[in-house]
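Open the model in your viewer and keep the selection tool at hand. The tour moves from stop to stop, with something to select at each.

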Amino acid sequence: MNAPNKSGWKPAMNADGESIGGPATHTGNRALMLEEELIFEIGGTDTTGVDLPQPDAFAQRRTGGLERTAEIGLPGLSEPETVRHYTRLSRQNYAIDLGLFPLGSCTMKHNPRLNEKVARMPGFADLHPMAPSTTTQGALAVIHELGEWLKTLTGMPAVAMSPKAGAHGELCGILAIRAALEARGDARKVVLCPESAHGTNPATAAFAGYEVEDIPATPEGRVDLAALEARLGPDVAAVMITNPNTCGLFERDFRKIADAVHAAGGLVYCDGANFNAIVGRVRPGDLGVDAMHINLHKTFSTPHGGGGPGSGPVVFSEALAPFAPLPFVEKTDDGFVLVEEETAGDRHASSFGRMTAFHGQMGMFTRALTYILSHGADGLKQVSEDAVLNANYVLRKLEDVLHAPFADSGPCMHEALFGDKGFAEGLSTLDLAKGLIDEGYHPMTMYFPLVVHGAMLVEPTETESKAALDQFIGAMRSVAERAIAGDETLKTAPHYAPRRRLDETLAARKPVLAWTEPAAE
Ligand SMILES: *Cc1c(COP(=O)(O)O)cnc(C)c1O
């Protein structure tokens, strides 16, 4: 336990209780690096940030005899204590506002402050989802206009705005595919996914009740068209293909793949999480896609991290449009309406149902539309060009020191992929990533995609300057050179972070989610 020592002078310690050097301090703090106890250790039940009056008889009546009779046992902190607690913790973390996030397959880019300003406008921020549509015309107009942009940019005729993340969008797309197949009395059982697919793809297919089978890859990291064609048949409901794929490569045969799948009676799902690399340049509708989710929180800059929030609208082909979920926004002569129920004869007459209780992530819609409008169509095209340029810069600047398995497959798209070939015995991708933390960076995506040994996936995004990229490349080079030379100190990195190596497996398998007061010594 690394709590500040209140009773004496102590050296600053790491999580293993080792001194991290320097003179002793009373608090365990080191200048601007502040230690922090758990909120349960700071707060007692005798303090509180708010003074609420004792509930009156009316309030007691409304709780129906269920009012609390004992202490709730949560820590009470004053407002400044609360603010300081969370601000101190945030300073032990890494953020997009502090530096480059090299995570691949995530598109962690700067979120313009303008987006935040618009999202906080009271007309959007203070809306209640139950408010009557006569009072929410502006919000419905935003949802509608964003949907129109997404249809235009993807070249697809229909869109469902309600899914709340990429994985949720995948489920939406696959449920629409299932509804379309069922409507024609076709009980196909199998969904095909490439080995390089994001884990959510096979998970979605399995969750929707399908058997999942692998599609093999060619040595250059793309879908093996011949092997796919050989596997197609009357049992294949759909293929799920990410384009650009998770090896950072554009699937050049996508149109041929889609034609083959359609000829065999199946449908084509495209994982559009990597749309950042092609937005404004390629319209998935032209490639034969039937359904594709768009991660607004990746391509259109809205912030994410720590598991949320997200937003994953899905665009649909004509074949799937009738099966899209409710609700959706429609523009009528009397203004915008949120259509909550299917009506006979309408284009959503066969809707498979709902993905969410309400219309979706309003806060993400306002941010995404602000980002889109502030760039315009030409600006978005430049976004993808700059993103691809930046990734190729990283790839070419590091390929002499890090193994780049697909460097000969042509330019990469938005992300550069490296493997651990050439590292000294006993040193791994994990050690390099931990060394990168000491250089002041969040690590890149590791061990994904699975098709590359010790994979390191780096997506710089278009928002980074050449100077920022050069500094990152310098840090990567230096840590990679240490890994190749067998520098054993990498094994115990990070040395300078507020915490050292945590047991990530234990944390994932046996998370401690409740605080219990330690027994008195
Ligand atoms: C991020 C991502 C997903 C899942 O999106 P979430 O919003 O995290 O649910 C799916 N596929 C790929 C390729 C991704 O990068």
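**Stop 1**

Select glutamate 504 and lysine 434: their side chains form a salt bridge, with the closest N and O atoms 2.8 Å apart. A salt bridge here is a side-chain nitrogen of Lys or Arg within 4 Å of a carboxyl oxygen of Asp or Glu. Glutamate 504 sits in helix 15 (residues 504-509) and lysine 434 in helix 13 (residues 429-438), so the pair ties together parts that are 70 residues apart in sequence. Helices (H or I, at least four residues) and strands (E, at least two) are DSSP runs, numbered from the N terminus.

Now colour by accessibility. Lysine 434 is buried, with a relative accessible area of 12%. Glutamate 504 counts as partly exposed, at 45%. The classes are buried under 20% relative accessible area, exposed over 50%, and partly exposed in between (1.4 Å probe, protein chains only).

Before moving on, a note on the source: this is a predicted model, in which local features need pLDDT of at least 70, side-chain atom pairs count only at pLDDT 80 or more, and totals for chains, interfaces and linings use all residues. Residues are numbered from 1 along each chain as its sequence is written, and side-chain values use heavy atoms, with hydrogens and water left out.

**Stop 2**

How many salt bridges does a search of the whole structure find? The count is 27.

Select arginine 178 and glutamate 182. Their side chains meet in a salt bridge (3.9 Å, N to O). Both residues lie in helix 7, four residues apart, about one turn of the helix. Arginine 178 is partly exposed at 32% relative accessibility, and glutamate 182 is exposed at 55%.

Next, pick aspartate 186 and arginine 188. This salt bridge has an N to O distance of 2.8 Å. Are these two residues buried or exposed? Both aspartate 186 and arginine 188 are buried.

Then select Glu116, Arg120 and Arg367 together. Salt bridges link these three in a network.

**Stop 3: the ligand**

The selection holds 13 residues, and the closest are Ser105, Gly166, Asp271, His297 and Lys298.

Now display polar contacts (pairs of N or O atoms within 3.5 Å; within protein, one must be able to donate a hydrogen and the other to accept it, and residues adjacent in sequence count only if both atoms are side-chain atoms). Go through three of them:

- Serine 105: a backbone N or O atom lies 2.6 Å from a ligand oxygen.
- Lysine 298: a side-chain N or O atom is 2.8 Å from an oxygen of the ligand.
- Asparagine 295: a polar side-chain atom lies 3.0 Å from a ligand oxygen.

How much of the ligand does the protein cover? On its own the ligand has 380 Å² of accessible area, and the protein covers 86% of that (Shrake-Rupley method, 1.4 Å probe).

Show the secondary structure around the ligand. Helix 7 (166-183) and helix 11 (296-299) are the elements that give two or more residues to the shell. Helix 7 provides the largest share, three residues.

Colour the shell by residue class. It divides into three nonpolar, seven polar and three charged residues. Ala, Val, Leu, Ile, Met, Phe, Trp, Tyr, Cys and Pro count as nonpolar, Asp, Glu, Lys and Arg as charged, and the others, Gly among them, as polar.

**Stop 4: backbone angles**

Stay on serine 105. Its phi is near 65 degrees, a positive value in a residue other than glycine. Serine 105 belongs to the loop between helix 3 (79-91) and helix 4 (113-119). It is buried, at 7% relative accessible area.

Step to threonine 107, in the loop between helix 3 and helix 4. Phi of threonine 107 is also positive, near 45 degrees. Threonine 107 is buried at 1%.

Jump to asparagine 243 and proline 244. A cis peptide bond joins them, with omega about -5 degrees. Proline 244 lies in the loop between strand 4 (236-242) and helix 10 (254-263).

Another cis peptide bond joins alanine 493 and proline 494, with omega about 0 degrees. Look for proline 494 in the loop between helix 14 (466-485) and helix 15.

**Stop 5: cysteines**

Select the cysteine sulfurs. The structure holds zero disulfides (pairs of cysteine sulfur atoms within 2.5 Å). Cysteine 247 is buried, at 4%.

Terms used:
A residue is near a molecule or strand if one of its heavy atoms lies within 4 Å of it.
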